[in-house]
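Visitor: I would like to learn how to read features from a set of coordinates. Where do we begin?

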Amino acid sequence: MTSPVSKAEQNGPGAGPVLAEPQAPKAPSPRRIAFARADLRTLSLVGVLIALIIVGGVTKPDNFLEIDNLQLVLTQASVIGVVTVGMTFVIISGGIDLSVGAIVALASVWATTVATQEFGFWGILFTAVLVGVGCGLVNGVLISFGGMVPFIATLAMLAAGRGLALQITGGNTQTVTIDSVLELGYRDSYILGIPPLVLIFAGVAIIGWLVLNRTTFGRRTVAVGGNDEAARLAGIDVRRQRLYVYLLSGLCCGIAAFMLIVLSGSGQNTNGNLYELDAIAACIIGGTLLSGGRGTIVGAVLGVLIFQTITNIFILNNLESATQQIAKGAIIVVAVLVQHRTSRNQTT
């Protein structure tokens with residue numbers, strides 16, 4: 001038998017050592033690419049927010065950068081921010097919720113009736129949360145087990161919720177007389193200069209981030225929104241998952257209703273007006289895909305802060321509310337077009 005011949009011997013005595021063949025670099029994993037894109041979106045949103053702060057400081061230097069105004073911006077962003085956290089889960093799952101503003105209104109007026117206020121602080125909080133979860137349950141059952149399209153089901157809840165809120169109040173404002181509730185909105189209750197409502201918003205956002213990114217519930221929500229048939233074949237109960245998502249949205253609406261009661265000191269059937277627009281817009285700006293399957297809580301929070309900062313700048317510069325709504329609509333259109341272009345580039 002002959003011994004095997006090395007490549008050096010095959011090439012001759014003067015050929016020298018044979019270099020190893022270069023290996024092609026490993027392609028980055030899809031998960032790493034997704035994280036990189038998410039980081040880029042987050043940095044872009046932070047840049048937009050910083051730019052808006054600069055604009056506010058330049059246009060109204062004596063008002064915008066004052067501590068009181070910044071606290072006001074954060075406090076007002078907190079209520080819609082909690083609603084947006086729930087809306088983020090809904091849109092990621094492939095749904096939509098047009099009833100969030102009506103649910104906030106219904107929960108706020110139901111929790112501020114004379115009968116409810118007799119039970120004090122916890123009676124108001126419990127009622128607001130219970131009404132929110134109840135409305136979310138109705139939405140979830142109609143969509144998951146009734147086979148209704150989310151747009152139609154939540155639109156019906158919007159009309160019913162507004163009508164019931166008007167019937168409860170009779171068009172009147174229901175004033176809160178419980179001191180322990182009102183004190184949460186006073187400056188004396190601030191913790192290290194931070195209003196309690198901002199801390200509630202921060203807590204809800206952190207919990208929402210953990211649930212979406214660190215639990216099977218979050219992974220199932222993304223899977224259902226990405227491809228419900230594939231999720232079903234993977235063993236996920238799609239109908240039950242969507243029910244849970246709308247329950248979560250209702251819970252966030254109930255919490256937001258209580259925060260709005262603290263902020264305004266009353267319950268009105270007009271509470272939560274256009275909250276659905278603001279929440280959906282904040283989600284879109286934050287990178288949540290309208291078709292479902294992708295979204296971040298951090299992006300949604302930044303979207304809320306961006307919209308609230310724009311509103312505050314408009315108010316300080318005495319611009320009409322109609323101009324604010326036009327600007328928000330334009331921003332939504334631009335965000336959707338950017339999403340569509342980005343999605344098309346990713347598929348090609």
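Guide: With a definition: a salt bridge is a side-chain nitrogen of Lys or Arg within 4 Å of a carboxyl oxygen of Asp or Glu. Side chains of opposite charge can pair when their charged atoms come close. Here R242 forms a salt bridge with D228, with 3.5 Å between the closest N and O atoms. R242 lies in helix 12 (residues 238-264) and D228 in helix 11 (residues 228-233), so the pair ties together parts that are 14 residues apart in sequence. Helices are DSSP runs of H or I with at least four residues, numbered from the N terminus.

Visitor: What are the conventions of the model?

Guide: This is a predicted model, in which local features need pLDDT of at least 70 and side-chain atom pairs count only at pLDDT 80 or more, while totals for chains, interfaces and linings use all residues. Residues are numbered from 1 along each chain as its sequence is written, and side-chain values use heavy atoms, with hydrogens and water left out.

Visitor: How many salt bridges does a search of the whole structure find?

Guide: The search finds four. One of them joins the side chains of R187 and D68, at 3.2 Å from N to O. R187 is in the loop between helix 8 (179-182) and helix 9 (196-214), and D68 is in helix 3 (residues 67-92), so this pair ties together parts that are 119 residues apart in sequence. Another links R232 to E229, with the closest N and O atoms 2.7 Å apart. R232 and E229 are three residues apart in helix 11, which means about one helical turn separates them.

Visitor: Which residues touch the most other members of the largest nonpolar core?

Guide: In soluble globular proteins, nonpolar side chains tend to be buried together. A nonpolar core is a set of buried Ala, Val, Leu, Ile, Met, Phe, Trp, Tyr and Cys residues joined through side-chain atoms within 4.5 Å. The largest one has 73 residues, and V83, V104, I124 and V181 touch the most other members. Leaving aside neighbours within four places in sequence, V181 is in contact (heavy atoms within 4.5 Å) with F121, I124, V176, F258, I261 and V262.

Visitor: How many residues of helix 14 are buried?

Guide: Of its 20 residues, 17 are buried, so helix 14 is mostly covered. After helix 14 comes N318, with a positive phi near 60°.

Visitor: How many disulfides does a search of the whole structure find?

Guide: A disulfide is a pair of cysteine sulfur atoms within 2.5 Å, and the search finds zero. C135 is in no disulfide, and its nearest cysteine sulfur, that of C253, is 8.4 Å away. The sulfur of C253 is 7.1 Å from the closest cysteine sulfur, in C252, too far for a bond. C135 is buried at 8% relative accessibility, and C253 is buried at 0%.

Definitions and conventions
Helices (H or I, at least four residues) and strands (E, at least two) are DSSP runs, numbered from the N terminus. Buried means under 20% relative accessible area, exposed over 50%, partly exposed in between (1.4 Å probe, protein chains only).
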